[in-house]
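Biologist: I am new to this structure and would like to learn how to read it feature by feature. Could we go through it together?

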Amino acid sequence: MGHAKKDAQFQPLNIALLTVSDTRTLETDGSGDTLQTCLQGSGHLLADRQIRPDDIYQLRAVVSDWIARDNVQVVLVTGGTGFTVRDNTPEALLPLFDKTIEGYGELFRQLSHAEIGTSTIQSRAIAGVANRTVIFAMPGSPGACRTAWDKVICEQLDARHRPCNFVEMVLPDVSSACGPRS
């Protein structure tokens, strides 16, 4: 379990939020609402929020725009991570990644196993880094979003979390994201 470094300061990040859905609107997007509440409640800023249909090229276009911006450090994507014909989020995002964060999907499935059992194997939750922007994709249920945020993402977007976090990578002026384990 990680721990906080006492002299590190919290650094709010600009986070863009994408809901992948053929049917949801801003009024019916419970997963997007959950993530927005979580990120703002943690002290981060909502840089943009959009809903797009599960189309590889529309998803790539939105995320490509965000990772090209200097004012977006993190992208959260909810939905489209299953196995149906219309679940295309991994296929849309993987070509954009400079590096894949392998442990995110593994950890997410391990944690969600306690909540939904073996159905967690149907999640293709992925994460990666593109142009110094961290991208996390998770299933489209509010519960999955809360699990991903509370048990993985929140700590990794907090400069005080040790031994490592992603803040120094996305905000290069922040001092040491990785420090000693003591």
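Biologist: Is Asn131 buried, partly exposed or exposed?

Modeller: This is a predicted model, and its residues are classed by relative accessible area, where buried means under 20% and exposed means over 50%. Asn131 has a relative accessible area of 49%, so Asn131 counts as partly exposed. Asn131 sits in the loop between β6 and β7.

Biologist: What is the phi of Asn131?

Modeller: Start with the general idea: most residues other than glycine have a negative phi, and most peptide bonds are trans. Asn131 has a positive phi, near 55°. Arg132 is not a glycine either, and its phi is positive at about 60°. Arg132 also belongs to the loop between β6 and β7, and at 41% relative accessibility Arg132 is partly exposed.

Biologist: Where is there a cis peptide bond?

Modeller: The bond from Arg162 to Pro163 is cis, with omega near 15°. Pro163 is in the loop between β8 (161–162) and α6.

Biologist: Back to that turn. How many residues lie between β6 and β7?

Modeller: β6 and β7 form a hairpin with 2 residues between them. The two strands pair in the antiparallel sense over 5 bridges. As one example, Ala127 has Phe136 as its bridge partner in β7.

Biologist: What is the strand order in the sheet?

Modeller: The sheet is open and has 6 strands, in the order β3-β2-β4-β7-β6-β5, with mixed pairing. The edge strands, β3 (45–52) and β5 (99–100), each pair on one side only.

Biologist: Which strands are joined in parallel, and by how many bridges?

Modeller: Take them along the sheet order. β2 and β3 run parallel and are joined by 7 bridges; Asn14 has Leu45 as its bridge partner in β3. β2 and β4 are parallel too, with 5 bridges, and there Ala16 is partnered by Val75 in β4. β4 and β7 are likewise parallel, over 5 bridges. In that pairing Val75 stands opposite Ile135 in β7, and Thr78 has Met138 as its bridge partner.

Biologist: How should I read the two faces of a strand?

Modeller: In a regular strand the side chains alternate between the two faces of the sheet. In β7, Thr133, Ile135 and Ala137 point one way, Val134, Phe136 and Met138 point the other way, and all are buried.

Biologist: Which residues of β4 lie on each side?

Modeller: Val74, Leu76 and Thr78 are on one side of β4, Val75 and Val77 are on the other, and all are buried. With 5 of its 5 residues buried, β4 is therefore largely enclosed by the rest of the structure.

Biologist: What about the nonpolar core?

Modeller: In soluble globular proteins, nonpolar side chains tend to be buried together. Here the largest nonpolar core has 29 residues, and Leu76, Tyr104, Phe136, Met138, Trp149 and Ile153 touch the most other members. Elements that give two or more residues to this core include β2 (14–20), α1 (30–41), β4 (74–78) and α4 (102–116). The element that gives the most is α5, with 6 residues. Apart from this core lies another, of 20 residues, among them Val20, Ile56, Ala130 and Ala137.

Biologist: Which residues is Met138 in contact with?

Modeller: Leaving aside neighbours within four places in sequence, the contacts of Met138 include Leu35, Leu76, Tyr104, Cys145, Ala148 and Ile153.

Biologist: Is Thr89 buried or exposed?

Modeller: Thr89 has a relative accessible area of 1%, so Thr89 is buried. Thr89 is in helix α3 (residues 89–93). Not counting residues up to four places away in sequence, Thr89 touches Val20, Asp54, Leu59 and Ala137, among others. The C-alpha atoms of Thr89 and Pro139 are separated by 9.7 Å, although these residues are 50 apart along the chain.

Biologist: What is the volume of the largest pocket, and which residues are closest to its centre?

Modeller: Its volume is about 170 Å³. Of the 14 residues that line the largest pocket, Phe108, Ile116, Ser123, Pro139 and Ala144 are the closest to its centre. The largest share of the lining, 4 residues, comes from α4. By class, the lining has 4 nonpolar, 9 polar and 1 charged residues.

Definitions and conventions
Residues numbered from 1 in each chain as written. Predicted model: local features only at pLDDT ≥ 70, side-chain atom pairs only at ≥ 80, totals over all residues. Heavy atoms only, no water. Core = buried A, V, L, I, M, F, W, Y, C linked by side-chain atoms within 4.5 Å. Buried < 20%, exposed > 50% of the residue type's maximum accessible area, 1.4 Å probe, protein only. Contact = heavy atoms within 4.5 Å. 1 Å grid on protein atoms, 1.4 Å probe; cavity = no way out; pocket = protein on both sides within 12 Å on 5 of 7 lines; lining within 4 Å. Points joined across faces, edges and corners; volume = space filled by probe spheres on them. Nonpolar A, V, L, I, M, F, W, Y, C, P; charged D, E, K, R; others polar. Pairing = 2+ DSSP bridges.
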